[in-house]
Amino acid sequence: MNIKLTQAATACFLVIAACGATASSHREAPFITGAPKVDGTDFYMFRSYEGVSSNGTGGRSDYVTMIANYQPLQAAYGGPNYFQMDPNALYEIHVDNNGDAREDLTFQFRFKNTLKSIPLSIGGSSVAIPLIQAGTVSALNDPNLNVNETYEIKVVRGDRRKGTVSSVTKDTGPSVFEKPVDYIGTKTLGDKAAYAVYANKHIHNITIPGCAVPGRVFVGQRQEGFAVNLGTIFDLVNAPTAFLLNPANKDAVGMGGQHTIQKANVTSIAMEVHKSCLTAGAEPVIGAWSTASLRQGRLINGSPASGNDKAEKAGGAWVQVSRLGNPLVNEVVIGLPDKDKFNASQPKDDGQFLSYVTNPTLPALLGVVLAGDAAAVAPINLPRTDLATVFLTGITGVNKPATPTASEMLRLNTAIAPVQFADQNRLGVAGEVLRVGGLANLANAKDLAGFPNGRRPKDDVVDIALVAMLGGLCVINGDNDGLKLNSIPGVAGVTSMCKPSSVPLGAQSADIHDAVDQATVPFLNVFPYLNTPNGGS
Amino acid sequence: MYFKKSQLLVLGTVCAALLTACGGGGGGAVGSTAQVVPASGIVAYFNSLFANTSDDATPVDISLVTLSEDDTAEPADIP
């Protein structure tokens, strides 16, 4: 029986991982696969750990970093146009600071591509070149850039469409921000160190109206930081089973942070904002999520005028087409018929998706497919109050606001100090509780600043999600409901028995990994944290 | 049947745009008059385009069409 369970657990894990292998939110819903420029892929939010001391103070520790990634799986050699943001799109980061599932602050990003039409004289005729660069590039607004990409930022207080709108500016006054060109290659932009110097020129100090403390912003290409055993899993889980249950092999195919997906790039919108500018009153917990929207009306022009971005005319209201808070939700929780609906939805309306969380199909489906028994690996505490708590309200004593409204977003307790990169537990809060030997020893924990209390680049959210799906949190919750996972905060009348005996896999549920260790992926120890992108040559 | 003023504006704009786009006799004709479609009339305008096209039509000339933008509206329902 142990062998059967082990095999089932392995297969279960692999299929869950396969679902996650569309990556955190890369190409996860039918519609968004056709609109990669607005495909939100990952969202991070954490207390900044740049320059912090071992006790979590100093440096940038009083700031919160939010990173919204878009445009998945960029091949570094993707010229000649590379990966500009969509000038006809609206990219947003929303913050709920009172637990009512409605945004109180929204940061809006709009992009603009300015074509210079740099010409060459060919036989006496002035002819525009076909490339986005006319030579080497190293400076802000470099004269050799044929397309200059810039953006503006608005902060909206209140409803994202009806609220009060103000412009975010550089601390020197201008409201237009420069974005670095993608890492075309070493001949255009120099080696990786040179590109890092160039990219860092695009970290802007910002003034946010209504915020007394300046922040920082960076928008540009980064190395893909999300780690998952991608191609192997898609190929019918083409990996030895024994590797996947042995903790010693947690990075067996990760190649020390250089797995296949790390050879791709993404485009990051990174902001660092003082925590006092994000919180409200005495409530330290904030919830946040990223979105992208397109104009409702889009006409393809059969006779586009000369210029840049002339092939489409867009108008009407903004229509949200991408949404991302917690990783993996739209992949492994929301059913296929509702993935586009989820991307268009707002947290305040998440009641429509509740059954996907409380009564998840995946564990039972995996049991049927892999073990011929729907009950083989699925925790029996239905409705799954543990998953609902993690995804929809936050965990009591960790990241639950005082009065939560059940809704899906990434929640961060800004009162919990950041932890230096080297000391961060790759399995987040659950990993730290396990490390100290359970809830009884929680006082010995030194890192409760990881997922699901926000999300840092190092947090291995695939492994954490696997542990949660298979009931690992109920093992931690124990027989005495130590994490208050037997109910859903703010939701009356929904209870379960989230305890070890409800978990078919028992303590083994905490050992699962996908053989690619997120913690080995290279990151920066300073803003914008995600690594310098891969070059095209 | 009575129309609100805003509805009449949308209807009129859609009709004008269609007449321009279709050149009075099918898709592909070149429009000669600038048309501004109000943001509140985008869906009606598109539905009218859809109703007047076919697989063998050439693209409607939209070079003089402007689709108005609205940053404060919620998306219109699509019937």
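A disulfide here is a pair of cysteine sulfur atoms within 2.5 Å. Keep in mind that this is a predicted model. By that cut-off, the count over all chains comes to two disulfides.

**The links side by side**

| Disulfide | S to S distance | Torsion about the S-S bond |
|---|---|---|
| Cys211(A) and Cys277(A) | 1.8 Å | 65 degrees |
| Cys474(A) and Cys498(A) | 2.1 Å | about -110 degrees |

**Cys211(A) with Cys277(A)**

The sulfur atoms of Cys211(A) and Cys277(A) sit 1.8 Å apart, and the 65 degrees about their S-S bond go with a right-handed link.

Is Cys277(A) buried or exposed? Its relative accessibility is 12%, so Cys277(A) counts as buried. Cys211(A) is buried as well, at a relative accessible area of 10%.

**Cys474(A) with Cys498(A)**

On to the other link. Cys474(A) and Cys498(A) are joined with an S to S distance of 2.1 Å. Their disulfide is left-handed because the torsion about the S-S bond is about -110 degrees. Cys474(A) belongs to helix α13 (residues 472-477) of chain A, and Cys498(A) to the segment after β17 (491-495) of chain A, so the pair ties together parts 24 residues apart in sequence. As for cover, both Cys474(A) and Cys498(A) are buried.

How does the pairing run if you number the bonded cysteines of chain A in sequence order? You get 1-2, 3-4.

**Out on the surface**

Now for something on the outside. Leu120(A), Ile122(A) and Val127(A) make up a nonpolar surface patch, and together they have about 270 Å² of accessible area. One of them, Ile122(A), is part of strand β5 (residues 119-122) of chain A. Ile122(A) counts as exposed because its relative accessibility is 51%, and the cut-off for exposed is over 50%.

**How confident is the model?**

The average pLDDT of chain A is 91, and 92% of the residues score at least 70. The stretch to treat separately is residues 1-22 of chain A, where pLDDT stays under 50. For that stretch, the model has 53 contacts beyond four places in sequence.

Terms used. Residues numbered from 1 in each chain as written. Chains lettered and ligands numbered in written order. Predicted model: local features only at pLDDT ≥ 70, side-chain atom pairs only at ≥ 80, totals over all residues. Heavy atoms only, no water. Patch = residues over 30% accessible without salt bridge, like charges linked within 9 Å, V, L, I, M, F, W, Y side chains within 5 Å. Areas by Shrake-Rupley, 256 points an atom, 1.4 Å probe, with all protein chains shown as cover. Salt bridge = Lys/Arg side-chain N within 4 Å of Asp/Glu carboxyl O. Helix = DSSP H or I, 4+ residues; strand = E, 2+ residues; numbered from the N terminus. Buried < 20%, exposed > 50% of the residue type's maximum accessible area, 1.4 Å probe, protein only. pLDDT = per-residue confidence, 0-100. Contact = heavy atoms within 4.5 Å.
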